[in-house]
Amino acid sequence: MSRLHRMTLATAMLAALSLGACSKPEAPDKEQPPEPQATPASDATGMRDAIQAPIDEAKAAGQAVQDAAQAQDDAIEAAGG
């Protein structure tokens with residue numbers, strides 16, 4: 001058997017195996033419904049809390065800045081300014 005003949009045979013076998021591996025996927029079982037992929041409502045609460053937490057922190061920081069500004073204004077006013 002010549003080297004060319006062996007290479008051709010090997011290529012043909014590789015092609016046959018590759019094409020044989022391709023098949024149509026099996027249809028899902030109609031008796032068993034698919035599992036739901038949506039997250040439960042309890043996860044929605046966690047997501048809402050994760051979104052709301054930075055907003056609450058920003059509001060608290062804003063209030064702290066306003067309180068500090070008011071305290072400084074009061075101190076300036078008390079000093080006679």
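Mentor: Let's take the labels one by one, starting with the ground rules.

Mentor: This is a predicted model, where local features need pLDDT of at least 70, side-chain atom pairs count only at pLDDT 80 or more, and totals for chains, interfaces and linings use all residues. Residues are numbered from 1 along each chain as its sequence is written, and side-chain values use heavy atoms, with hydrogens and water left out.

Trainee: What makes R48 and D49 a salt bridge?

Mentor: The term asks for a side-chain nitrogen of Lys or Arg within 4 Å of a carboxyl oxygen of Asp or Glu. The closest N and O atoms of R48 and D49 are 3.7 Å apart, so the pair qualifies. By that rule the count comes to 1 salt bridge.

Trainee: Why is R48 called exposed, and why is D49 called partly exposed?

Mentor: Buried means under 20% relative accessible area, exposed over 50%, and partly exposed in between (1.4 Å probe, protein chains only). R48 has 51%, so it is exposed. D49 has 43%, so it is partly exposed. A10 also has 43% and is partly exposed.

Trainee: How much of the protein counts as buried?

Mentor: Of its 81 residues, 0%.

Trainee: How do you know how many helices and strands there are?

Mentor: They are DSSP runs, numbered from the N terminus: helices are H or I with at least four residues, strands are E with at least two. That gives 2 helices and 0 strands. A10 sits in helix α1 (residues 3-21), and I51 in helix α2 (residues 41-78).

Trainee: What radius of gyration would a compact globule have, and what does the protein have?

Mentor: The radius is taken over C-alpha atoms, and the globule rule is 2.2 Å times the number of residues to the power 0.38. For 81 residues a compact globule would be near 12 Å, but the protein has 36 Å. Its C-alpha atoms fill a box of roughly 110 × 45 × 10 Å along the principal axes. As for A10 and Q32, 22 residues apart along the chain, their C-alpha atoms are separated by 43 Å.
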